[in-house]
Structure formats: structure tokens, C-alpha cells
Amino acid sequence: MIEVRGLHKSFGAKRAVDGVSFCARDGEITGLLGPNGAGKTTTLRMLYTLMRPDAGSVLIDGIDAVHEPLAVRRTIGVLPDARGIYKRLTARENIEYFAALQGMDVPTARAACDSLIGTLAMQEIADRRTEGFSQGERVKTAIARALVHGPKNVLLDEPTNGLDVMATRSLREFLRGLKAAGRCVLLSTHLMQEVAALCDRIIIIAHGRVVADGTAEELRALAGEQHLEEAFMKLIGEVP
Amino acid sequence: MSTALIVYLKECRESLRDRRVLMNSLLLGPLLGPVLFLVLMRLVVGRELEKAEQPLPVVVIGAERAPELVDALRQMGVEVKPAVDDPELAVREQRIDLALRVAPDFGAAWRAGWPAQLELIYDSSRREGGSDVERLRNMLDNYGHHYGALRLLARGLSPGIATPLALANRDTATPQARGALLFAMLPYMLILTIFIGGLWLAIDSTAGERERQSLEPLLINPVPRDRILLGKLLATTTFSTASLTLGLLAFLVVGMFMPTEELGMSLALGPHFFAVALPVLVPLVALLCICQILIAAFARSVREAQTYLGIAQLVPLIPSIVLSVLPVKAQLWMYAVPLLGQQITIMRLLRAEPVPPFALLLSALVTLLAATAVFMLTRRVYDSERLAISV
């Protein structure tokens, strides 16, 4: 469960995030939808404690992200915008490195790693060095290492960026699996199809502010539009 | 397992698979100094030695008029070349370097006991010919003095009459000291070895990791950033120390092939040097590595880090140059200056001069203290929000 209240972050004179509040519940997939530069990545970075908010609070499973960043990081798994993996290590070594940093002992880490490799269908590539991996294989590796410690909350920044149709479908399947397991999944995207296909709740962000928050149905009703895309355009203020 | 150790092991494993790191830390770093040094020594020393031993080609005009002189010159190492038509023109046109003309009345003057005339034809504006002219002149002087002495003896006079001054050279430089002068650059080469040994790891584990976008995911793990920094520092230090150790070993080997004896020098480049120099330099390894990481953390890209570090590796050259130009007397405070202290220690070791243990301790302590201070500073850079953000 992720609760965000009155989040602010400025870079110089630019207000990147200007009073964002929302809630992402367990057992749901929540989508942060917004155009490029709306403040999605900055919001997520404050959630996963890479940045300190200028004002506002982030509670993850009731733990304050500003005051107890290390405790929060144990309860979250993150696929950040930057998803570089170590190309001279194998996929498995990449995953086990993060498992060790999460404080898992070797047998537990190995078991968790094997299980994720199975779920993500990575058996073929697990023991290959990641140099020369396809985009999809790299994202799988990055997701596996982010989730190896079995976090209750999963944050993904534009997870399907650069993936082909097949990889996108299997990633969506995987995220639905996380939802079914009762995890709290929060993802950011600028793609309408993504939220429509995947999300239980949609939070629309524009110019650093939340402009709408609800299910796809509620948003369509709110904007008085049949199509989600029209509703989106209207809600972010691009069309009257 | 502690976080620093996890990071350390991962950095080492990754680096051992990186050909660039291996080339730099385990091959280029250790060998650059000794090889450069060997080449330099061979060039400088070799030229002097060759000059003394190589035959000196001289065009002799009228050799038949002074057969005894020509024979004597041959014995002293002159290669007598056949006469040319216009030796002045030939020298001016640089076809020949040096010519000796025996005057037509040489034989008659010699037999009569008059000064017999010889002409040296050369171009003093051509520098490389200077020492050849000097050599030939010395040979002729020797020949002249020899016969002068014989003539005096033949007339019942002591040859000492014609030599009112007796000059002898007494150089107080010990053979070790003469060697160390040539070896003044050796400390810098060792420092360069340390620098190159840690270079790629320092760049790769900070600027490189950020450029490849793996720093942000790494920092989202529930570990304090100073632990990560410590792991990276230890890995960099390990490779740098390995580089230094191999470099010192290479110098040991090179020391055996140095033509030092032929030049009347000796250098304490033995196992004792190795055993003392390594522990003396290890604190410096820690300091240089953390400085490299700090600089790499400031750089926005790998290329930028390379540029900064390329400039930074010239900084240790300053004490080296100062020490080789100004023969300062080692004072205690100098040991308390990182870089300077180690360079003085290395130079004293090479001269087989004792270094007070207290000075060694002082040097190590101050250097480690400086390394800790830079670590604290780097930690602040690591803790900043901007570190991980690559765009």
C-alpha cells in the first residue's frame, strides 16, 4: 500500500511535482498516466527514496519514506527509468548481486532467483552474460533483480518502453500475476492502451499535478467522453 | 556478508572479465614504467658508451706522409677513410663530418724536431660532431704529449718540466648517488603505475556505472551509500596494488639488465627495495584511488572522467620535477606531505640511504589521514541526489 500526500519537488525554478496526492492499494494495479515531462518519473523517484521531496509525505506500508528510506527500500521492488544491467555478469549473477544487497543469504537468494527465472521464462538466458541481450531480455533481468526479495510493493517506470508486442504481453501477464498475489503494483506510462489493458485505477498527472483519479469508467464519465484517449486529452487540458 | 564485501566481490569479478581493466591494471600499468625507463636508460647511457667504443671515422688527407701517426690513431679507434678532393667543401656540404690534413712538410718537420703541422677540418655549428672532434683532438694531444716526453727524455730532461700542472678529478658522488640522479624519475613512474592500475576501475565503477544506467537501480537497494563506496574503493585499491606489485617486480628485473656498472653507478633495486617500497606506497595507493573515484564521481560521463583523470595524473609529476631539479635535503616535514614523502623515501632507498622509521610512520599516517578525508568528501558526493541521475 502506497500513500502519497502533497508531494512537492522543484528543480531550480521549475516545479516538477506540485502537490501530488494519491493512493495505490494492495491487490491492484495503479497507473500513473501523463504526457512526457508531467512529473511521473520524479514522483516515482521520491517514492523509491532516490530523491527527497521538498514537501509532502510518502508512506509505504505505513513506513515514512523520507525518514526511514532503508526500511522502505526493503518493502519495494523498483524497475526505474534507468535499467542498466552489468553486461559482464550473467543474468543470474545480476539477480543474485541484488539479492545479496537486499540481505538475503545464498540459499534463499538462489531459490528466489530460480523461481523468478521460471516465472519470467528466462531459463535459456539465465547463465549467459547479458552483453548482447535483447531489450526484452534486459527488462526481464532488470525486473527479476528488482523483485528477487519478494517485495510487497512494486514500482515500475514505463515498464513496456522499447518492448515488442510479445514481450509487452508477457510482461502484462506477469504484472497481473503480481496483482493476483496481492501485491501493490504502481506503474507509470504515457500509453493509453497500457492503462486501459492493465490498470484498476488511473491517476492522471499533468504539469506536476494530479488532474484526475479513478477507474477507467469514472474517468470517461468525468470527462464526458466515450473514449479514454479523448478523456485523457480533455483532462490534461490539451483540448477544451 | 557485509555490504562493502558484496560490492567488492562483484566489482572484482566484473573487472576480471574486462579486458580493458586487465590490460591497464595488470599489463600496461606495471610495464609502462620499467619499459619506458629501460628505453630511456639505454638511449642516454647507450649513447655515451657507444661513443667511447665505436670507431671514429676520419678522412685523412696525406696519410702516407705520417704513417706512424696514422697507425697510432688506428690503434686508438680511428677508422681512417681515404682522402677526398676538397675536404673543406665536403665538410660544409655535410658529406663528411671530420677530416684531418697532414701538411706536405710534416715528415721533414717531425724529423727535425719542429712542430709538425696538422689541420682539423670540421664544422662547429653542427652539434653532433662536437664530441667527435673532441675525441680526435684528445687522441692527437695524447700522441703529441707522448712524443714530447720521449724527446725530453732523449735530451736528458725530465718530462715533468713540460707539465707544470698536475690535475686529478675527485668526484665525491657515491656510485649510488650518481645512479639516483638518473633515477630521479623512478618514483613518478611508480606513482603512475598506481594511477593506471586503479584508473579503469575508478572510472567504470562510478562514471561508467552511471553512464550505463545501472547506478540508479544499485542505489535503490536498502544499503547505505558509503558501504557501496567503500566496496568500490577496496576493489580499485586491490587492482591498483596488484599493478604496483607487478610494477615493482618488473623494476627488479629491469634493474638486473641496467648497464649501471658500466657507468660506474649502482642502484639499490634489490629485494630490500621491493620489501620497503611496497608498504611505503600502499597508503598512497589508497589516497590516489579515492581521489580518482572522487574525480570520476564529479564527471558526467566516462569520457569526461578520462579527461579529468588524465590531467590529474600529471599532478604527482610536480614533486618529482622539483626533487630532480632542486637537490633538497630531506627534512622531516617533507615526509608529512603525501606524494612528496613517498618520493623522498623511494629516492633515498635507491641511494641505499637509511630512512628514519619515524619518518616512514609519519608519512603513512598523514597519507592515510588524507585518504580518509577524501573518502568523507566523496561520501558527500555519493549522498547527493544528483549522483545517480544520469540525465
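Among chain B contacts between residues at least 6 apart in sequence, 76% join residues at least 24 apart. Two residues are in contact if their C-beta atoms, placed from the backbone, lie within 7 Å. The model is predicted: local features need pLDDT of at least 70, side-chain atom pairs count only at pLDDT 80 or more, and totals for chains, interfaces and linings use all residues. Residues are numbered from 1 along each chain as its sequence is written, while chains are lettered from A and ligands numbered from 1 in the order in which they are written.

Now the elements. Chain B has 16 helices and four strands. Chain A has nine helices and 10 strands. Both kinds are DSSP runs numbered from the N terminus: helices are H or I with at least four residues, strands are E with at least two.

Next, burial. Of the 391 residues of chain B, 37% are buried. In chain A, 47% of the 240 residues are buried. A residue counts as buried if 20 or more other C-beta atoms, placed from the backbone, lie within 10 Å of its own.

Chain A also has overall dimensions. Its C-alpha trace spans about 55 × 40 × 35 Å along the principal axes. The radius of gyration of chain A is 18 Å, which agrees with the value near 18 Å for a compact globule of 240 residues. That radius is taken over C-alpha atoms, and the globule rule is 2.2 Å times the number of residues to the power 0.38.

The cores come next. A nonpolar core is a set of buried Ala, Val, Leu, Ile, Met, Phe, Trp, Tyr and Cys residues joined through C-beta atoms within 7 Å. The largest core holds 140 residues, and A:Val148 and B:Ile290 touch the most other members. Helix 11 of chain B (residues 271-298) supplies the largest share of this core, 17 residues. Leaving aside residues up to four places away in sequence, A:Val148 touches several residues, among them A:Ile95, A:Phe98, A:Ala109 and A:Leu116. A second, separate core has 15 residues, including B:Leu73 and B:Ile121.

Finally, the contact between the chains. Chain A puts in 22 residues and chain B 20 residues. On the side of chain A that touches chain B, helix 2 (69-75) and helix 3 (91-101) each supply at least two residues. Helix 3 of chain A gives the most, with four residues.

How values were computed
Buried ≥ 20, exposed ≤ 12 C-beta atoms within 10 Å, placed from the backbone.
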